Every structure is written in structure tokens, then in C-alpha cells.
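These are my notebook entries on one structure.

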Amino acid sequence: MKHPVADYVTLVFDCDGVVLNSNKVKTEAFYKAALTYGEAAAQAMVDYHVAHGGVSRYKKFAYFLEQIAPCYAEQRNPAGQYPNLEALLQAYAGYVREGLLSCEIAPGMETLRKQKPNARWLIVSGGDQAELRDVFAQRGIARWFDGGIFGSPDTKDEILSRELASGNLQHPALFLGDSKYDYQAANTAGLDFVFLSDWSEVDNWETWTARKGVTVQQNMKALIDYSDHA
């Protein structure tokens, strides 16, 4: 992070683990959706999900069906009928929705919005775009994100590239994320980046951020305190 938060014209937020304490909600939903294939397959799905934080559910379940499920389906029930991609996505969405509507909103978000009323805020998430817009509206926080709420099936790279090209996302811009993919997407788009560690599921994130020279803050409140004293 090259500037105090107040100096940025645009703030880009990941959703899960940054704005909402929803990483565990989604991890559990992946497990439940894949459980038809057995506990081992469901755990393999979770392991893949955690290792690829920030990637859309569409790509994760496609990988599951292509690479993981075949290793378990025949062992479990060679003649069995198993859910296809659409059925897995529907099951997952059902498990996720209730959690997104009830999980904690990051403390400090409203304070930060009031401190910088003229900054443009965007959500750029691996979560489903329609689902995110509905949940944010129901929870009364959609109004914070005047630059738009964006998610899958478009990738974060595609969203950032498109919004930069349209002028909706302007520099200097800061991406607040909690995954390696968030960092990579911010880097590719030329955005500064801060890793928020409190709710992240990145394994051994301390070593990774130190090796990459990534700026780390514990949570949104810590980021605000840091910026106030910068």
C-alpha cells in the first residue's frame, strides 16, 4: 500500500473474508454439496476450494466433476446417479444463501465509508454476482458500493480489466483481499493491494506475504487505524 487509504480514488473489495465473515460458510457449503460422492470426495472438494481462494464456484465444481469425482464415484456406487454441474451449483447456492444473510459484516466498514464519501467503492468477488447483489441489498449495504457489485461467472481479472477500460475504476486504486488470487488479480490490473488476515483461509499466509512483500493488516479496523496514523 503506497498511500493512506484516504488518498485512494477507488477502493476494490473482495467479499468473502473481507466485507463478510463468510469464508467458513462457503467452505461448509462446498462440503455439503459434494457429500453425495462421499466424505472423502467432499473433503477433497474443500481442500481444492481452500487452495484456490477467490476463484468462482463454477470453475471449482467443474474441476470437481472432471478431476475429483471420478476417483470416488465408481468406488462408492458404480451404477449410481450423481448430481451434474447445475445440480451441484443449486445445492451449493442454497447452503450459502442463509449464511450470507446472517454472517458478520466487517467492523469498520461504515466508518470507512463515512470517512471517504467521495471514493468509489466496488465489490469484485468470486461469488455469484446475482446472489451478491441480492444479499447486499437485503442487508442494507449495497448503497456503500457505488461503483458496482461484481462477481462470477466473470473472473476477477475480467471484471477489473473491464471496469478499468470503462473508467469506472480509476487510479490510484486499492484492492482489499484475503487470497493469493486477490493479490494476483490486483497486481495484473496495476492496483495496490492489502491482505486482510483475520478471516483468511490462506494456509501459512505469514510466510507467503513476507516472501511477496505484501502489505498485511489484521482487519478493516486495523487498516483504518493504520491509515489515520500514516
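I pair rings of Phe, Tyr and Trp (its six-membered ring) if their centres lie within 6.5 Å; planes under 30 degrees apart count as stacked, over 60 as edge-to-face and the rest as tilted. The model is predicted, so I take local features only at pLDDT of at least 70 and side-chain atom pairs only at pLDDT 80 or more, while totals for chains, interfaces and linings use all residues. Residues are numbered from 1 along each chain as its sequence is written, and side-chain values use heavy atoms, with hydrogens and water left out.

Entry: aromatic pairs.

I searched the whole structure and got 15 aromatic pairs. I looked at Phe-30 and Tyr-92: the ring centres are 4.3 Å apart and the planes stand at 45 degrees, so I log this pair as tilted. Helices here are DSSP runs of H or I with at least four residues, strands are runs of E with at least two, and both are numbered from the N terminus.

Next I took Tyr-183 and Trp-208. Their ring centres are 5.6 Å apart and their planes are at 90 degrees, so the pair is edge-to-face. This pair also links distant parts of the chain, 25 residues apart: Tyr-183 is in helix α8 (residues 180-189) and Trp-208 in helix α9 (residues 205-212). Tyr-183 is buried at 15% relative accessibility, and Trp-208 is buried at 5%. Both belong to a cluster linked by ring pairs, in which I also find Phe-175, Phe-193, Phe-195 and Trp-205.

Entry: charges over rings.

Arg-113 lies over the face of Trp-121, 4.4 Å from the ring centre. Arg-162 has its charged end over the ring of Phe-150, at 5.2 Å from the centre.

Entry: helix α8.

I listed the buried residues of α8 as Tyr-181, Asp-182, Tyr-183, Ala-185, Ala-186 and Ala-189. With contact taken as heavy atoms within 4.5 Å, these buried residues pack against α7 (156-166), β4 (173-177), β5 (192-196) and α9. Gly-190 follows α8 and has a positive phi, near 80 degrees.

Entry: α1 against α2.

Which residues of α1 meet α2? They are Lys-26, Thr-27, Phe-30, Tyr-31 and Ala-34, and on the α2 side I find Glu-39, Ala-42, Gln-43, Met-45, Val-46, His-49 and Val-50.

Entry: cis bonds and phi.

Most residues other than glycine have a negative phi, and most peptide bonds are trans. I noted a cis peptide bond between Ser-152 and Pro-153, with omega about 20 degrees; Pro-153 lies in the loop between β3 (148-152) and α7. The bond from His-171 to Pro-172 is cis as well, with omega near -5 degrees, and Pro-172 sits in the loop between α7 and β4. Asn-204, a residue other than glycine, has a positive phi near 55 degrees. Asn-204 is in the loop between β5 and α9 and is partly exposed at 46% relative accessible area.

Entry: Gln-217.

Gln-217 lies in strand β6 (residues 215-217) and is buried, with a relative accessible area of 12%. Leaving out residues up to four places away in sequence, I find that Gln-217 touches Val-194, Phe-195, Leu-196, Ser-197, Ala-222, Leu-223 and Tyr-226.

Conventions. Buried means under 20% relative accessible area, exposed over 50%, partly exposed in between (1.4 Å probe, protein chains only). A charge sits over a ring if NZ of Lys or CZ of Arg is within 6 Å of the ring centre and within 35 degrees of the ring normal.
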